[in-house]
Amino acid sequence: MRHEIILLVLILILLVFEIFTKTEQKKSLIYLALGLFAIHTITGFFQTTDGQLFGGSFRTNPLIHFFKNVLNVGVLIILLQSTDWLRDKVAHLNKIPEFFILLFSSLIGMYFMISSGDFLMFYIGLELSTLPLVALVAYNSADIKGTEAAVKLIMTAALASAISLFGMTMLYATGGSLFFNMISYQLQVSPLAIMGLVFFFSGVAFKISLAPFHFWTADVYEGAPIGITSYLSVISKGAAIFILTTILFKVLPVLSDYWKYIVWGVAVLTMFIGNLFALRQQNMKRFLAFSSIAQAGFILMGVINGDAFGATSIIYFVMIYIFSNLGAFGVVQAISSATGKENMDDYVGLYRTNPKLSLVMLMALFSLAGIPPVAGFFGKFFLYTAAAEKGYYLLVFLAVVNVTISLYYYLLPVRAMFLRKSDDAIPYFKSNWPMRLGLLLAVAGIFVIGLYSPIYNYIVELSKLL
Amino acid sequence: MIANVSIYEILTVSTLLFFIGLYGFLTRKNLITLLMSIELLLNASVINFVVINKYMFPDFLQGVYFSIFIIAVAASETALAISIIINLYRLKVSVNVDKTETMKY
Amino acid sequence: MDILTLLVVVPVLTVIALLFTKDLKQSRFITMIGSIVQLGMAINLLFAYFRERAVNASIMLFTRDLTWFESLNIHYSIGVDGISVALIILTSVVVLAGVFISWKIDDLPKEFFVTLVILSAGVYGVFISVDLFTLFVFYEIAVIPMYLLIGIWGSGPREYAAMKLTLMLMGASALLLIGILGIYFNSNADGGALTFNILEIGKVNIPIEAQKLFFPFTFIGFAVIGAFFPFHTWSPDGHASAPTAVSMLHAGVLMKLGGYGVFRVAMFLLPEGAKHWSNFFLVLAVIGVVYGAFAAIKQTDLKYINAYSSVSHLGMVLVALLMMNKTAWNGAILQSLSHGFMTALFFALIGMIYGRTHTRDATKMGGLLKTLPFISMIYVIAGLASLGLPGMSGFVAEMNIFAGAFQHPDLFHRIISILTVSAIVVTAVYILRVVGMMLMGPITDSHFEHLPKDTWYERAGIYLLMIPIVGIGMLPLWLSNMIMSSLDPFIQRLL
Amino acid sequence: MNFSYTFLVPLIPFAVFIFLGFFYNRIKENISGWIGVAGLTSVAVLSYYTAIQYFYHTPKLDGKFQTFVYSVNWMNFTDTLKVDMGVLIDPISVMMLVVVSTISLMVHIYSMGYMHGDRGFTKFYAFLSLFTFSMMGLVLATNLFQIYIFWELVGVSSFLLIGYYYEKPSAVAAAKKAFIVTRFADFGFLVGILLVGYYLGSFDFQYLNGPEGIAAAQKFGSIFMGFSVIGLALVLMFMGGAGKSAMFPLHIWLPDAMEGPTPVSALIHAATMVVAGVYLVARMFPMFNFVDHGSALHIVAWVGAISTLIAAIIALTQFDIKRVLAFSTMSQIGYMMLALGVSGYDGHEGVGYMASMWHLFTHAMFKGLLFLGAGSVIHAVHSNLMQDMGGLHKYMKITSITFLIAALSIAGFPGFSGFFSKDEILIATFHHNRPIFYITLFVAGLTAFYMFRLYFSIFWNKKTHYHHTPHESPLTMTIPLVFLAIMSIVPGYFPFTEWVTPDKVGFHGHIDPMMASIATTVGVLGIGLAYFFYFKPTDYPAKISAAFGTFYVWTKNKFYIDELYLFVTRNIIFKYISGSFAWFDKKVVDGTMNLIGNSTVVGSEAIKGVQSGKVQDYAFAFVGGVIILVIVVIYML
C-alpha cells in the first residue's frame, strides 16, 4: 500500500504547489516533481509488509512490490527524458503540473490494477490507468494529431472496457464471485465461462495491444507526445501483461486448455501483424509502435507456458523490454525535442554527427531484436525456452521466423544512422542532464539485466509467489 | 426478485442492450452518439451484474457494488470523452468520427 | 584468470583501449598489439595443450565452469580439445594478418577495429565454449558485426549484401536455436537434470525421434554459415562487398564455425539423427562441391571466384564430416584450417591488387607478374595451394578427405567420393584461368606499368599466412595427430 | 651396403631451389648459374657412385638384386594406412637416377649459354632445381602416395617452366593446357591409388609388389569387363601415366609444351618427366602383370602402339623442328609402353620390360641431345621452322655432327645405342604380339625417315642466306652436346639384360641377327628415302603430300584432336555446364532467397489498408475478433 499512498501524497503536494506558484516559475515544478518521484522510486525499494486490504480485493506481495518498483524506474526514466520537451516545447501551454499529476494518477491506476484481488479493483485500476492517459494524449490541445489520437483512444478504450466488463459479468455468473481466489476454485468449464474468458481477455488484450485488438496503438502512439507514447508502450503494457498473467495463471487455470489455444493464435497473429506493419514505417514513433506490438506477441510465448517459469520469463522480458524501448524512445525524444524531426530519413548519417545517441539507439534496437550480448537476447531466449518447455515448437518456429523479419526492420534505422552518409544530417547537439541521465539508465539496464544473472534468479524466486 | 420474471428474460434484455450498443457504435457517425452507445454497453453490464447478483448469488452484494462503480466510472469516462470531443470540435468544427482519420497505415 | 577466458578478455580489453584512441595510427597500433598478444597466447595454448594432454586424458582440457542462470542450469563453461586449439590458432593468425592488411583503413578507423575485434572475440568464444548457451551467444556475437563491417566499410552494393548476409545467417541461427532448445529439453532422457553442457549431453541417448526431428535444424543452422549448397548465396555477394580484412576474417574464420558447429553440436549430440540424415545432406554437400567449382569458372570478379571456390572447398568439409569416419573427419578439420589460411591469403592478395589496379575484374588485368612480381608470385603459390599442390596444406587436407571418403565400399558413397575428387580438376581449371589471365600474358593497361611496390605490413601479413600453409603442407603429422587424438569421443558416439 | 645417403639426391636440388627462390632478385646471373650447376654436379656424382655401388659392389640376394628402403613416416590416414617419405633403391630407380642427373646436369650447363642475359635467369635455375628435386623424389619414391606427391610437383614445375615466357600468350596457353590435361589424368591416378590403398591397405611398393600383396590383389573377383577392382585401379593409374607420358588420347599437351625454353623441352618433355608414366608402370609391373592375368597390360600395350603410330605419322608432316621432336618423343615413349605391355615377368619373358627400360635410358640420351642440338640451331637462326633453315652444316659443325649421331641412334643404325634397345623391343613384340610387332617395325622405318628429313633439311638442303651469319654456339652449349653424343652410343654396350629385369634376376641377352637385319634394313630404307627427298631441295615432298591429299591435311593438323578437345572444353563445359551453373546460382538459388525477402515487403504493402485509421473499423475488428475467438474456442475445440 505504501507505493499508492506516497504517490497520492506526491500528487497532492504537486497540486498545492501548482496553486501557489506563479506562472513563470512553473518550470521549476518539473525538477520538484522529478525529485519527489525519484525519492518515491528509491523508497519503493525498502522492505514493506505484505497482505490484503478490503477483504482481499487489494493484495500485495514481494513480486507485486518488485513489479511496482520496475514500473517506477520506468516512469522515472520517462520523466527524465520528457523534461526537455516539457520545458522547451510545451511550457507555453502553462499546464506543466497537470502532466505529472495525470501521469502519477495513471500510475496509481496501474498499481491498483496489478495488485487487484478481485475484478472490481481490477476494473477500477484499469479505468484509472486509462482515463488520465487519454487526457495526456491530448495534452497539447492545440495539436490536432494529439486530439485525434485521444478520440481514438477514448472511444476504443471505452468499448474495450465495456466488452471486458460484459465478460466479467459472465465470469461472475459462472464463478459465483468476483474475488479471484474464490473464482479460481468455484469456476467450472462451461460455454458461458469460455465466452466470459474471451470477452475479458479482449479487454486486457486491448491494453497490451494484441492483434486484432491493437489497431488503436499505432495511431495513438503517433499522435501522443513522445513521453506519453513511451509510457503507453512500456508501463501500461507491462502492467497489463502482468495482470493478464496473474489472472490466466491463478484465476482461470481451469480454462487453460482453452486460453492456451487463444493465446497461441493471438500470439502468431500479433507477431506477424506487428512485424509486417513495422516493415514499412517511416515515422519512428509509429515504427516503434508496431515493433512493440510484435514484442507483445513474443511475450505471449511466456504466457502459453502457464507455469512459474513462464511468469519468470515474462517478468524478466518485460523488465528488459521496458529498458530497451525507453532507450529507443529516449533517443527519438531527444532528437525530436532538439530538432522536431521524427522520421527515419532524418536520421541518415546521425552517427557521424551524434555518435553517442546513435550508439544508444543501436544498443536499444539490438536489444529489441534480441542480439547478444545486450539483454534482449536473454529475454527472448527465455521466452522461447518457456514455449518450448511445453512443446510448442511450432510456435517457437514461427517466432524465430518473425525474429528474422523483425531483425530486418530493426536494422533499417541502423542503416540510416551508420551506413549512410548525408550532408544535411542532424547537426551535433547536446541534451541537458536529465535526458542524458535517462538514456544512461536505459543503456545500463539493457546491459546489466542480461549479463548479471542474480537479477534473473531473484525473479525466479519471486515468481513462485504469483 | 421480481415476481414471475425469470432471470432469462432480463438477461435477454441486457444482451439485446449490449448488441444494440455495439450496433450503434459501429454504425453511427456522430461521436456523441458513439458515446451513447458506449453507455448502452455499460448499462448492459450493469443490469447483468445486478441481476446475476440478485438471482444467483444473493448472499453477497458484490454485483451491486460493482454496478455502482461502473456507473461512476462511466460518468467520468463520458466527461473526459466529451471534453476531448469539444476540443476536436474546436479544431475541426465537427464532431463526426470521420474527421479523425488523418493517421492511418 | 584462466588461459582460455583470457582469449575472450584480451579482445574486450583491446576494445576498451581502442575507445580512447584518437586517430588511425593509435587505433591500428593498439589493435596490432592486442592481436599479437592474442597470437602469443594462442601459441602458448598450443604448447600448454601438448603438455596437458600428455598427463590428462579427458575430452576437454583447461575446463572451467561457472554457473550463470542457475534455474535453467546454464553455465559459462569452457574447455578445449585439439580441434578447438587448432582453430583458435587459425583465428589469431588471420586476425593479426587482417590488421596488417587494413593498415590504411581511412574511414572511421577506430570503429572499424573495434568491430573487428568484437567479431574475433565472438569467434574465440565459440571455440572455447562447452556450453550450448554460451556457444550460441558467442556465435551471434561473432555474426552480427559483419553487418556494420560490410555496411559501413564495404564497396559496391554493400547495403544489400550486408542485409542479405545478416538476415540469412541470423535466420539460420534462429533455426539453430530451435535445434538447441530441442536438444536441451531432451537432455534428461536418461533421467538427470536438463543441461546445456555438451559433454553432459554427449553421455545422454536422446530419443531417436527427437534426434531425427532436431538434427536438420541444428545442421542447417550451422551449415548455412559454412556456405552449404542451397543457402550459400550470401557468401559471394557478402565477400564481394566486404572490405579486404573482413573478407579475410569472414571466409578465413567465420565460415569455419559452420563445420565446427555441425561437428561439435549437430553430429556429436544427435548421432542417430546424423546417421539418419547423412545421405540426404551428403548429396547436397557434394552438389555444393562440384557446383561451386563450376560456378567459379564463369566468374570474372576475383572475389566472386574466391567466394565460389570457398563454397566448393567448404562443401568438401561437410562431405568429409558426413562421411563418418576418422580419416575424413581429420581431413575436414585440416581442410577448415588450410582453407582458412589459404582463402585469407587470397583475399589479402586480392585486396592488394585491387588497391593498386583499382579493378577486381580478372579480364581487365594482365601481365602483373612483370609489374608486381612478389604479390603475383604469392598469388600463384596461393592458387597452387588452393588446387591442392603437395607441400601445401590444402593437399594434406584433401587427401585425408578423399582417403576417408573411399573407405565406404558401397556404390552411393563411391559416386559421391569420385565426384568430390573430380573437383580438383575443375579447381585447377579456374585457378589457372585466373593466373593465366591476370598475372601472365602481356600487360593490358599502360598504367599497370608502374604500380606501387609491396609495403612491409603487406609482406608481414602475407608471410604470416604463408608460414602455416607451407608448414602444415610439409609436416602434417603433428597436427593430424593432435586432431586425431581429439576425435575419439566422436568415434565412440558416432561409429 | 647402406644407401641412406641417397636422401641427399633430392634434397640438394631442393636446397638450391629454396636458396635461389628467396634471393631471386638479389643474385647475379652467372652466380646462380654456377650454384645450380654445382648442386647438380654433386647430385650426378652421387647418382653415378650409387649406380656403380649398386650394380657392381652390392652382393645379390639369392641371385636377385636387393632392394633397399629408407623412409620416415609422413602422414597417417588410418592406423594401418600410412604414407611414408623415403628412398627406394632398386635397379630401375638407380637407372633413373643416372638418367635424370645426367640430363639435368647437361641442361644446367647448357642453359648457362642458352639463357644467357635473360632477365629471369635466376628464376629459371630455381625452377630447374625444383623440377630436379621433384623428379628425383618421384624416382626414389617408396610408395604410391609419394609418387603421386612428386608426380604433382613435376607437373607444377613443368607448368612453371613451359610458362616461363609468361608474356607470350601462346606459352601461357600451353602451360595451362599441359597442367590441366595432366591434372585430369592425375584424377584417374589418384582414384586408382585410393582404391588400391583402400582394398590392399597399403601404398608401399615393397608390400604391393611382394608376394603377399599380389596374393591379396588376386583375391578380388571381376566386376567390370573382366577387370577386378584392383585391375580397374591399375587402369586408372595407367591413365595418370598416359597423361604424363603423352599417350594417345592425352598427348595433346606435349607439342604445345614446346613453347617452353628449349633446354626445358630437352629435360622435361623429352628425357625425364614424360617417361614418368613408363616408370610408373614399370614400378608397378608385378601388379600389372599378375592382377587379372595382365589384362591391364594389354591396354598399356595397345595404347602404346596406337600412340607410337599416330605420333610417327604426324611427325612426318610437321615443320616446326621442336614439334617434330615432340612427336617423335611421343612415338618413342609409345615404344617403351608397348614393350612393357607385351612383357612377361620372369626369366627371358621379361625381355620387354628390360627393353623398355633400356630404350628409356638410350632415348633419354639421344632425345636430349636432339633437343639441345635443335636449341643450338634455334639459338643460331632465331626460328623454329625448317623453311628458315638449311645448309647450316658449314656454319655449325659440332652441332651438326652430334645431331647426326643422335639421329642415327634414334633411327636404330647399327652400333648406336638406339639400335640395341629398339632391337630388344622388336624381339619382345615379335614373340608376344605380332600385330604390334608390325606396327613397331613400320614405325621404326617412319622414325628413320622423319628424323633424317629433319636432319637434312636443317643442315643440308637448300642454301638459305641468313642476314646475319649463324655461328657455332658457345662452349657451355657444345660441351653438353658432345657429352650426350658419346652417351647416345655407349649405353648400347651396357649389360642391361643383367641389370634391369622384372624379377631382378637378369638373363644373358644376345642380338637376334634376323631381327637386327630386318630392323637395320627398314631403318636404312627410311634414311635413304629421306636422303633422296631432302638432301637437296626437290619437289618430291610436295608431290607426295599432294598425292595423299586430305589424309595429308588431317595429319598436318594432328587429326584435329586439339580442335576436338577445344570444342569440348570451350563450347560444352565452359559455355553450357559452368555457364548454366552460374546462371542457376544467380537467378534460381539467389532469386529464391531474394523472393522470400521481397515477399514480406510486398505482403506488408498489401495489408496496410487494414490499418484504415477509422475508429469504427478498429472497433469492428475488435468485435469481430472477439466473436471469432468465441466461435473457434467453443465450437472448434
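Residues are numbered from 1 along each chain as its sequence is written, while chains are lettered from A and ligands numbered from 1 in the order in which they are written. Because the model is predicted, local features need pLDDT of at least 70 and side-chain atom pairs count only at pLDDT 80 or more, whereas totals for chains, interfaces and linings use all residues.

Among the five pairs of chains that touch, chains C and D have the most contacts, two residues being in contact if their C-beta atoms, placed from the backbone, lie within 7 Å. This contact draws 39 residues from chain D and 39 residues from chain C. On the side of chain D that touches chain C, two or more residues each come from β1 (68-76), α5 (144-162), α6 (169-200) and α25 (561-606) of chain D; helices (H or I, at least four residues) and strands (E, at least two) are DSSP runs, numbered from the N terminus. Helix α6(D) supplies the largest share, 14 residues. By class, this side of chain D comprises 25 nonpolar, eight polar and six charged residues, where Ala, Val, Leu, Ile, Met, Phe, Trp, Tyr, Cys and Pro count as nonpolar, Asp, Glu, Lys and Arg as charged, and the others, Gly among them, as polar.

Chain B contains three helices and zero strands. Its C-alpha atoms fill a box of roughly 50 × 25 × 25 Å along the principal axes. Of the 105 residues of chain B, 33% are buried, a residue being buried if 20 or more other C-beta atoms lie within 10 Å of its own, exposed if 12 or fewer, and partly exposed in between, with C-beta atoms placed from the backbone. Chain B does not touch chain C, and the nearest C-alpha atoms of the two chains are 25 Å apart.

Within chain C, helices α5 (residues 132-143) and α7 (residues 158-185) pack at an angle of about 180°, with their axes 11 Å apart. Axes are lines fitted to C-alpha atoms, for helices over the stretch in contact, and angles run from 0 to 180 degrees between N-to-C directions. Helix α5(C) is therefore roughly antiparallel to α7(C) (angles over 145 degrees). Residues making this contact include Phe136(C) and Tyr139(C) of α5(C) and Leu169(C) and Leu177(C) of α7(C). The contact comprises 10 nonpolar residues, one polar and one charged.

Helix α6 (residues 145-153) of chain C has nine of its nine residues buried, so it is largely enclosed by the rest of the structure. The buried residues include Pro145(C), Tyr147(C) and Trp153(C). Their cover includes α17 (393-419) of chain A, as well as α4 (109-128), α5, α7, α10 (234-241) and α11 (244-254) of chain C.

Leu255(A) lies in the loop between α10 (226-251) and α11 (256-279) of chain A. Leu255(A) is buried, with 23 other C-beta atoms within 10 Å. Beyond neighbours within four places in sequence, the contacts of Leu255(A) are Val189(A), Ala193(A), Ile194(A) and Leu197(A). The C-alpha atoms of Leu255(A) and Ser184(A) are 10.0 Å apart, although the two residues are 71 residues apart in sequence.

How values were computed:
Angles under 35 degrees count as roughly parallel, over 145 as roughly antiparallel, 65 to 115 as roughly perpendicular and the rest as oblique.
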